[in-house]
Amino acid sequence: MSSTNFQKLNVAILTSDIAEAKKLSDHLREFGIFAHYHQELDEFWVSVNNQRPDLCIIDVAKMSQGGLVFKNHPRVIKDDLKYAFYYSEENKVLVNSTYHLPHIGYVRKEVNLKGQLETLLARVVREKDSSQKEKFLEARIQRLQKISSRLVSDINESVKILENLSTVSNLI
């Protein structure tokens, strides 16, 4: 998958570690993506509510802040958000809290970040393309159903006309 497909993607990063955010952001830039960076869950929460990114990379250490919990975000509850969890060897125990969430994967700090990100981005592009094709096909089905309905109606009208002609012909 070429990086030109990735350039259309909108990515948000949530981590308090600026150095880690920079690493992720630098790798995303190699694919032509300029990510939005958030240090705190509350600012991320508001931003994602206003505009849904195509992909969110969530540091497992930032999944809660005060009364806010990532899994309670309206878009997470509606399953209207694609996200992956970012973790390191130090905080891998926090990954346990992600198992019940419908995420699209994990990004491990100590492993090849570029390769992991490329895989996630390719998945998001495939899902986005599939979703667009599905919408196109649904619209096409609706158009064909209308045409089909109109044809059935026209056929019924033609049958009535033929019956009337037959009746008139028999009378004559």
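1. pLDDT is the predictor's confidence in each residue, on a scale from 0 to 100. The model is a predicted one, and the mean pLDDT of its chain is 92, with 98% of the residues reaching 70 or more. Confidence is highest in strand 3 (residues 55-59), at a mean of 97, and lowest in helix 1 (residues 3-6), at a mean of 68. Where pLDDT is low, the predicted coordinates should not be read in detail.

2. The secondary structure of the chain consists of five helices and seven strands, and read from the N terminus the elements follow the order α-β-α-β-α-β-β-β-α-β-β-α. The radius of gyration is 26 Å, whereas the globule rule gives 16 Å for 172 residues, so the chain is more spread out than a compact globule. Along the principal axes, the C-alpha trace spans about 95 × 40 × 25 Å. Buried residues make up 33% of the 172 residues, and among the contacts with a separation of 6 or more, 62% are between residues 24 or more positions apart.

3. Helix 5 deserves a separate look. This helix takes in residues 113-171, 59 residues in total, and from its first C-alpha to its last it reaches 86 Å, close to the 87 Å expected at 1.5 Å a residue. Which residues of helix 5 are buried? They are Leu113, Gln116, Leu117, Leu120, Leu121, Ala122, Val124 and Val125. An α-helix has 3.6 residues a turn, so residues three or four places apart point the same way.

4. At the start of helix 5, a side-chain oxygen of Asn112 comes to within 3.1 Å of the backbone nitrogen of Lys114. The C-alpha atom of Lys114 is separated by 9.3 Å from that of Asp26, although the two residues are 88 residues apart along the chain. Asp26 belongs to helix 2 and is partly exposed, with a relative accessible area of 28%.

5. Gln116, which is also in helix 5, has a relative accessibility of 16% and therefore counts as buried, the cut-off being under 20%. Its side chain reaches the backbone nitrogen of Arg108 at 2.8 Å. Beyond the residues up to four places away in sequence, Gln116 touches Tyr106, Val107, Arg108 and Val111.

6. The largest nonpolar core has 22 residues, of which Leu28 and Leu121 touch the most other members. Two or more residues of this core come from each of strand 1 (11-14), helix 2 (18-30), strand 3, strand 6 (83-87) and helix 5, and helix 5 gives the largest share, seven residues. Apart from this core lies another, of 18 residues, which includes Leu14, Phe44, Trp45 and Phe85. In soluble globular proteins, nonpolar side chains tend to be buried together.

7. What does Leu121 touch, not counting residues up to four places away in sequence? The residues are Phe6, Leu9, Val11, Leu28, Phe31, Ile33 and Leu55. Phe6 falls within helix 1 (residues 3-6), the element with the lowest confidence, and that part of the list calls for some care.

8. Ile13, in strand 1, is buried, with a relative accessible area of 1%. Leaving aside neighbours within four places in sequence, Ile13 is in contact with Ala21, Leu24, Ser25, Leu28, Ala35, His36, Tyr37, His38 and Ile57. Its C-alpha atom and that of Gln39, 26 residues apart along the chain, are separated by 8.3 Å.

9. Ser25, one of the residues in contact with Ile13, is found in helix 2.

10. Phi of Asp79 is near 60°, a positive value in a residue other than glycine. At 47% relative accessibility, Asp79 counts as partly exposed.

Key:
Residues are numbered from 1 along each chain as its sequence is written. This is a predicted model: local features need pLDDT of at least 70, side-chain atom pairs count only at pLDDT 80 or more; totals for chains, interfaces and linings use all residues. Side-chain values use heavy atoms; hydrogens and water are left out. Helices (H or I, at least four residues) and strands (E, at least two) are DSSP runs, numbered from the N terminus. The expected span of a helix is 1.5 Å times one less than its number of residues. Buried means under 20% relative accessible area, exposed over 50%, partly exposed in between (1.4 Å probe, protein chains only). A polar contact is a pair of N or O atoms within 3.5 Å; within protein, one must be able to donate a hydrogen and the other to accept it, and residues adjacent in sequence count only if both atoms are side-chain atoms. A nonpolar core is a set of buried Ala, Val, Leu, Ile, Met, Phe, Trp, Tyr and Cys residues joined through side-chain atoms within 4.5 Å. Contact means heavy atoms within 4.5 Å. The radius of gyration is taken over C-alpha atoms; the globule rule is 2.2 Å times the number of residues to the power 0.38.
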